[in-house]
Amino acid sequence: MDPIRPQTEQEKFGRHRPLTDRDAHEINRIEELSYDLKVREVMISNVITTPPNVPVSKALELVRVNRISGVPVVHDETLVGIISLEDIVRALQNNELGEPVQKYMTTDLVTVNTFDSIVEAIKIFTEKRLGRLPVIDEHKKLAGIITKGDITRGILLAVQRDYKEEEVRRYRASHLFDDIVSDRTTLVLRYNIKAGDFTHGGNASSHIKRALLRLGADSQLARRCGIAAYEAEMNLIIHTTNGGMLKLEVEPRKITLSTTDDGPGIEDIQKVLQPGYSTATDKVREMGFGAGMGLVNIQKCVDKMEIESTRGKGTKLLMRIAVPSEILNSNKGSS
Amino acid sequence: MSMNLTEIIKISEGKVLTPELNTDINIHGGCCADLMSDVLAYSRPRAVLLTGLTNPQVVRTAQMADFRAIVFIRGKKPQQETIDIAIQENIPLISSPMGMFELCGKLHDAGLKSYEHNGSD
């Protein structure tokens, strides 16, 4: 091993350093931003161009004065080529700086569109090892130019913007609880769920998920709660005699979801906790439910699940989810 | 690498059932199932859901599990309620004439990753 070169991550952690959930989340975020960013948002649009019939020495002057590495060649508003430093050097070697630009320009052009995502540009940069790409608009006219540096700057700005938005969102959420003073503040949302109402199945959970996002929960936490609420809501619709109530309680550090109903109650709780055990009808199965996975799924999504049931009286299902402290209390220090 | 939904529509020879929704969105992977509980338990967020079911619960499931779009296989058309909820929740619906196996294979060949997981995380 080269003694001067610092160890790479791979050498330090071995070939298969496990990718944590957080890593995956961060990578996805950047990838996500790259897809959302369009070429037109990061390209340089005031492009210095040259007509094809001027001498190469003019192009050399443009390159030198503006400290750029190449100039797009435009004829009748249409991009016909690009003259780069290498092209100019070739002209210089042949002692032909007086020859027109069109003799030395590169005409085999790779371009991107203004409406492409920057991922397209990244792909081309990686495959073709080019320094800059001309950008073409809907009418096939030159709209700008893009370099790897422009892309990096665009992504950095987007990350910064994204981070600020998230900060503001969390700030608002944490202050909802900070501003209301009590010994124990709880926000409670209650939903009445009708038995057999398959058409509206999931509406309540949908509201619950949205409320949590509004309160500043991150997407992973909202997803876990949403899935647990939805399975619980479907259970009320599928299995109860008279429906029941789905309740969400939000406190600064924990979320509690619960359902209560008045029957028929569960005969053998151990059995319903077994994956695949089901008492659902064919109608329910045709809808993609009733595979005996509901409570098993809930258990995977929440930190603690308790179930209490009396045959003939009803069932109580309690689900608790701890809120990671950085989510709802990220601004404690600054307030 | 992710794939744009417009490319998925092209590959699946799909018809967009929700023309009012933007299809220029980024899809990270694919997940196929007819069992909604499986979708809820074994999927990762930001994927496309391929399914043979067309009831409103499919859209609710997709919404809960953070799916970005749904493709119905074998040319199936959902009921109006399903389309209404999809528009409300901003989840584009596509109908593809292909069968499940063919569609999964084509999308996977084109580079779309599996966003199903075995439940270990």
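Predicted model: local features only at pLDDT ≥ 70, side-chain atom pairs only at ≥ 80, totals over all residues.
In chain A, the domain assignment gives domain 1, covering residues 20-152, and domain 2, covering residues 182-328.

Where chain B meets chain A, 22 residues of chain B are in contact with 25 residues of chain A. On the chain B side, the elements that give two or more residues are α2 (36-41) and α3 (56-64) of chain B, and α3(B) gives the most, with six residues.

We can now turn to a sheet in chain A. Strands of a sheet pair through backbone hydrogen bonds, either parallel or antiparallel. Here three strands of chain A form an open sheet with mixed pairing, in the order β3-β4-β5. Because β3 (112-113) and β5 (142-147) of chain A stand at the edges and each has a single partner strand, one side of each is left without a neighbour in the sheet. Strand β4 (residues 132-136) of chain A pairs with β5(A) in the antiparallel sense over five bridges, and A:Val135 stands opposite A:Gly144 in β5(A). In the hairpin of these two strands, β4(A) and β5(A), there are five residues between the strands, and A:Lys140 takes a positive phi near 65°. Is β5(A) largely enclosed or left open by the rest of the structure? Six of the six residues of β5(A) are buried, so this strand is largely enclosed by the rest of the structure.

Helix α7 (residues 118-128) of chain A has two contrasting sides. A:Ile118, A:Ala121 and A:Phe125 of this helix are buried, and because they cover an arc of only 55° around the axis, they lie on the same side of α7(A). On the other side of α7(A), A:Thr126 and A:Glu127 are exposed. The helix is followed by A:Arg129, whose phi is positive, near 50°.

A further sheet of chain A is made of five strands, which form an open sheet in the order β6-β7-β8-β10-β9 with antiparallel pairing. Its edge strands are β6 (187-193) and β9 (304-310) of chain A, each of which pairs on one side only, and the twist averages 10° from one strand to the next. Within the sheet, seven bridges join β7(A) to strand β8 (residues 254-261) of chain A, and A:Leu246 stands opposite A:Thr259 in β8(A). Helix α9 (residues 203-214) of chain A packs on the sheet, where it touches β6 and β7 of chain A, and its direction makes about 165° with that of β6(A). Helix α10 (residues 219-239) of chain A lies across β6, β7, β8 and β10 (314-322) of chain A, running at about 5° to β8(A).

A:Lys247 has its place in strand β7 (residues 244-250) of chain A. A residue counts as buried if 20 or more other C-beta atoms lie within 10 Å of its own, and A:Lys247, which has 19 within that distance, is therefore partly exposed. Leaving aside its neighbours within four places in sequence, A:Lys247 is in contact with A:Val188, A:Arg190 and A:Ser258.

Note on methods. Residues numbered from 1 in each chain as written. Chains lettered and ligands numbered in written order. Domains from an automatic or database assignment. Contact = placed C-beta atoms within 7 Å. Helix = DSSP H or I, 4+ residues; strand = E, 2+ residues; numbered from the N terminus. Pairing = 2+ DSSP bridges. Buried ≥ 20, exposed ≤ 12 C-beta atoms within 10 Å, placed from the backbone. Arc of directions from axis to C-beta. Axes fitted to C-alpha atoms, helices over the stretch in contact; angles between N-to-C directions.
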